[in-house]
Amino acid sequence: MKLKSGKAMYSGRFDQYGLTGQQLEQLHNTLFSMLLDIKKICEDNHIAYSLSGGTVLGAVRHGGFIPWDDDADVMMFRSEYEKFRKVVKQEYSDTYTLAEPLEPGYIQKKPKLMLNHSVYTEVSSAGMPERYNKVFIDIFLIENVPASPVARKITGWVYNVAFIASALAADYRYPSPVILEKCKNDKELNQYYSLRRRLGGIFDHVFGMRFYLKICEKVSHSSKVTGWAAIPAGISYNREVFKRSLYARLTEVDFNGVPFPVPKNYDKYLSNLYGDYMKLPPESDRQTHSTVEFSVDTAES
């Protein structure tokens, strides 16, 4: 049985957990407030950053959030992130928590800026420790990568294998009770999730989940500046490889009427990720995360 991506397998199966229009608007407002805080932190402390991925696409194509999207992303070089994390931990700990790779119970390969006094639980993460089920913004780290395409391919293969192993081990260690319940009446989903968990059990008992997470962290981070950079995250080590200058040269594009930095050559960046990015995808391809629980304590935030 082919292991499809979780998003492809879960899409359409958990429609009862989709956000209502009012909830999506509240989530967008919350995420935008978080983006404004990131902007302030970075500008006040001379930290270079940029919007990333679908958030760049939203700024360029929609002037804000992609209407059906339910997350937000930023990116920065690792050296800039080190400055960012120091400020957040020292000055913003009452408002935000930084979840970082290799923390106990955290299975992601990228940091997340999480909003305290909020709840955001996706179907796939419903079995995770509660402290990581919060409204978040993904922070993608721009890393140095080998200049040689062959070396990048080999490094990418090692990263991708470790990534898959850690993700499967996470399904074994932190199974989603929502998915398990759905599996009782969905044969295809049951086969898919059972296979993931069986393989995950093997990986978790052979070296362990943390071992594979350490490989991802080690392989993705290099102090050697080659002139090439990428964002190793997900199974995409070789997907966002560019000359370092593409990530370093920025311009500004309005997002909800506020200027935010994006790659100056955003056409090349977005074309690499999405192809004809100005063309709206068909409604059937407009995937969102299925959300079991969402709330924000407005009194606190």
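Predicted model: local features only at pLDDT ≥ 70, side-chain atom pairs only at ≥ 80, totals over all residues.

Colleague: Where does His28 lie?

Modeller: His28 is in helix H2, which covers residues 21–44.

Colleague: And which residues does His28 touch, leaving out those up to four places away in sequence?

Modeller: With those left out, His28 touches Phe65, Ile66, Pro67 and Asp69.

Colleague: Let's switch to charges. How many salt bridges does a search of the whole structure find?

Modeller: The search finds 13. One of them joins Glu188 to Arg13, with the closest N and O atoms 2.7 Å apart. That pair links distant parts of the chain. Glu188 is in helix H7, while Arg13 is in the loop between helix H1 (6–10) and H2. They are 175 residues apart.

Colleague: Is Arg13 buried or exposed?

Modeller: Arg13 is buried, because its relative accessible area is 17% and the cut-off for buried is under 20%. Glu188 is at 35%, so Glu188 counts as partly exposed.

Colleague: Which residues are linked with Arg13 in a network of salt bridges?

Modeller: Asp186 and Glu188 are linked with Arg13 in that network. Asp186 also shows up at the start of H7. There, one of its side-chain oxygens comes to within 3.3 Å of the backbone nitrogen of Glu188.

Colleague: What about Lys40 and Asp44?

Modeller: Their side chains meet in a salt bridge, at 2.8 Å from N to O. Lys40 and Asp44 are four residues apart in helix H2, so about one helical turn separates them.

Colleague: Why does that spacing matter?

Modeller: An α-helix has 3.6 residues a turn, so residues three or four places apart point the same way.

Colleague: Are Lys40 and Asp44 buried, exposed or in between?

Modeller: Lys40 is partly exposed, with a relative accessible area of 45%. Asp44 is partly exposed as well, at 46%.

Colleague: Which residue forms a salt bridge with Lys184?

Modeller: Glu181 does, with the closest N and O atoms 3.0 Å apart. Lys184 counts as exposed, because its relative accessibility is 63%. Glu181 is partly exposed at 45%.

Colleague: Back to H7. How many residues has it, and how far does it reach?

Modeller: H7 runs over residues 187–205 and has 19 residues. From first C-alpha to last it reaches 27 Å, close to the 27 Å expected at 1.5 Å a residue.

Colleague: Which residues are buried in H7?

Modeller: Among them are Leu189, Tyr192, Tyr193, Leu195 and Arg196. Gly200, Gly201 and Asp204 are buried too.

Colleague: What happens just after H7?

Modeller: Phe207 takes a positive phi of about 80 degrees. Phe207 lies in the loop between H7 and helix H8 (209–220). At 63% relative accessibility, Phe207 counts as exposed.

Colleague: Last topic, the surface. Which residues make the nonpolar patch of about 500 Å²?

Modeller: Val150, Ile154, Trp157, Val158 and Val161 make that patch. Val158 lies in helix H5, residues 149–173. At 32% relative accessibility, Val158 counts as partly exposed.

Methods:
Residues numbered from 1 in each chain as written. Heavy atoms only, no water. Patch = residues over 30% accessible without salt bridge, like charges linked within 9 Å, V, L, I, M, F, W, Y side chains within 5 Å. Areas by Shrake-Rupley, 256 points an atom, 1.4 Å probe, with all protein chains shown as cover. Salt bridge = Lys/Arg side-chain N within 4 Å of Asp/Glu carboxyl O. Helix = DSSP H or I, 4+ residues; strand = E, 2+ residues; numbered from the N terminus. Buried < 20%, exposed > 50% of the residue type's maximum accessible area, 1.4 Å probe, protein only. Expected span 1.5 Å × (residues − 1). Polar contact = N/O pair within 3.5 Å; in protein donor to acceptor, adjacent residues only side chain to side chain. Contact = heavy atoms within 4.5 Å.
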